[in-house]
Amino acid sequence: MKNYIPDNNRYDKMEYRRIGRSGLLLPEISFGLWQHFGPNDDYDNCRAMITHAFDCGVSHFDIANNYSLGESERIFGKILHSDLTSYRDELVISTKAGHRMWPGPYGEWGSRKYLLSSLDASLKRLGLEYVDIFYSHRPDMDTPLEETMGALSSAVKAGKALYVGISKYPPEMARRAASILKEMGTPCLIHQARYSMFNRDPEEGLFDVTKEEGMGVIAFQAMAQGLLTNKYLKGVPADSRVAKGEGTLKVEQITPSALSKVGKLNDLAISRGQSLAQMAIAWDLRDERVSSVLIGASSVAQMDDSLSALKNKHFSQEELDLIDDILKD
Ligand SMILES: NC(=O)c1ccc[n+]([C@@H]2O[C@H](COP(=O)([O-])OP(=O)(O)OC[C@H]3O[C@@H](n4cnc5c(N)ncnc54)[C@H](OP(=O)(O)O)[C@@H]3O)[C@@H](O)[C@H]2O)c1
């Protein structure tokens with residue numbers, strides 16, 4: 001791929017949802033760089049995935065400081081500057097701090113010291129003056145919430161982030177975080193939460209809180225890292241995350257009981273004219289409180305399969321009941 005010229009019809013291929021009570025819209029499917037953007041990954045494949053996503057109307061790219069210990073931000077920054085500099089205003093780029101990034105007591109969790117120095121380092125790696133969304137990546141029960149939210153608010157006031165978000169916060173802590181941020185004049189835009197047919201925790205209170213507080217929700221791991229696709233139905237393929245020991249999906253989680261559910265869900269997906277990956281993404285999007293689904297992919301072909309989820313987002317009540325029954329087993 002030499003000079004990249006984006007597809008002029010990119011915005012006809014995607015629908016966009018408003019994020020809570022904000023002015024910002026996100027694509028129904030966003031792209032995350034947790035895996036496959038590391039030092040051992042093929043740069044041309046990374047570049048092809050980013051530019052292809054943009055061609056398909058995916059305007060949001062999600063990263064974090066600790067993804068491949070900064071390498072994902074570096075790779076994304078390189079692609080951004082080689083192919084997408086003229087399109088910066090068409091992109092929503094997020095990064096996060098919270099998980100372990102450097103040694104010692106200031107390299108993780110939720111202190112002001114860690115969050116703000118981490119954001120500076122992220123901006124350097126990305127080659128950007130600001131990110132669109134800066135997240136507290138995980139709750140920190142030992143740091144006053146006022147301090148963590150204060151750091152997020154400072155990032156916005158310093159012009160280093162346009163919006164802020166939180167990730168994996170339990171419902172009542174998310175409510176308090178939203179209220180503290182509101183008082184600081186920096187509304188909490190979004191909550192990044194794990195949500196899939198195999199993990200329905202956000203239905204137990206979080207979705208109510210985000211709706212009441214006017215926050216959007218961006219759901220991650222809708223495909224359960226590949227388990228909720230047809231990928232593992234016939235064993236563990238050599239090119240998979242599990243075989244390569246990447247991510248956190250372990251071979252022990254691919255149990256006969258999980259595979260039996262996956263098999264039944266796969267049959268239902270086929271009857272809907274979809275792949276299971278597509279049904280898993282569409283299932284997340286059936287809930288209007290989900291603003292966007294954040295997908296990972298290892299190739300353009302895989303990404304294309306996932307993006308085709310948008311061709312059939314409708315579920316009949318019978319299909320939803322059948323899914324509930326399969327998951328109950
Ligand atoms: N806030 C947080 O704490 C947090 C935590 C985790 C993730 N995230 C975000 O969510 C994003 C997505 O997470 P994720 O990649 O772990 O979860 P995911 O989207 O559920 O899984 C992606 C993996 O599933 C497989 N896959 C994808 N599309 C497929 C298809 N159409 N058919 C068959 N298999 C398919 C691929 O596995 P192979 O690699 O095996 O090919 C791919 O790497 C991350 O990049 C990150 O931005 C956030």
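Me: How many other C-beta atoms lie within 10 Å of proline 139, and how is that count to be read?
Reply: A residue is classed as buried when 20 or more other C-beta atoms lie within 10 Å of its own, and as exposed at 12 or fewer. In this predicted model, proline 139 has 19 such atoms, and it is therefore partly exposed.

Me: Where is proline 139 found, and which residues does it touch?
Reply: Proline 139 is found in the loop that runs between strand 6 (131–136) and helix 4 (145–157). Leaving aside residues up to four places away in sequence, proline 139 touches Lys168, Tyr169, Pro170 and Met173.

Me: Which residues of helix 6 are buried, and where do they fall when seen down the helix axis?
Reply: The buried residues of helix 6 (residues 206–213) are Leu206, Phe207, Val209 and Thr210. Viewed down the axis, these buried residues fall within an arc of 160 degrees, so they line one face of the helix. They pack against helix 5 (171–183), strand 8 (188–194) and strand 9 (216–220).

Me: What follows helix 6, and what is its phi?
Reply: Glycine 214 follows helix 6, with a positive phi near 75 degrees.

Me: What is the phi of tryptophan 109, and what is that of alanine 224?
Reply: Tryptophan 109 is not a glycine, yet its phi is positive, about 70 degrees. Alanine 224, also not a glycine, has a positive phi of about 50 degrees.

Me: Where do these two residues lie, and are they buried or exposed?
Reply: Tryptophan 109 sits in the loop between strand 5 (92–97) and helix 3 (112–126). It is buried, with 22 other C-beta atoms within 10 Å. Alanine 224 lies in the loop between strand 9 and helix 7 (241–244). With 19 other C-beta atoms within 10 Å, alanine 224 is partly exposed.

Me: How many helices and strands does the protein have, and what is its radius of gyration?
Reply: The secondary structure comes to eleven helices and ten strands. The radius of gyration is 19 Å, close to the 20 Å that the globule rule gives for 329 residues, so the protein is as compact as a globular protein of that length. Its C-alpha atoms fill a box of roughly 50 × 50 × 40 Å along the principal axes.

Me: What share of the residues is buried?
Reply: Buried residues make up 46% of the 329 residues. Among contacts with a separation of 6 or more, residues 24 or more positions apart account for 76%.

Terms used: Residues are numbered from 1 along each chain as its sequence is written. This is a predicted model: local features need pLDDT of at least 70, side-chain atom pairs count only at pLDDT 80 or more; totals for chains, interfaces and linings use all residues. Helices (H or I, at least four residues) and strands (E, at least two) are DSSP runs, numbered from the N terminus. Two residues are in contact if their C-beta atoms, placed from the backbone, lie within 7 Å. The arc is that of the directions from the helix axis to the C-beta atoms. The radius of gyration is taken over C-alpha atoms; the globule rule is 2.2 Å times the number of residues to the power 0.38.
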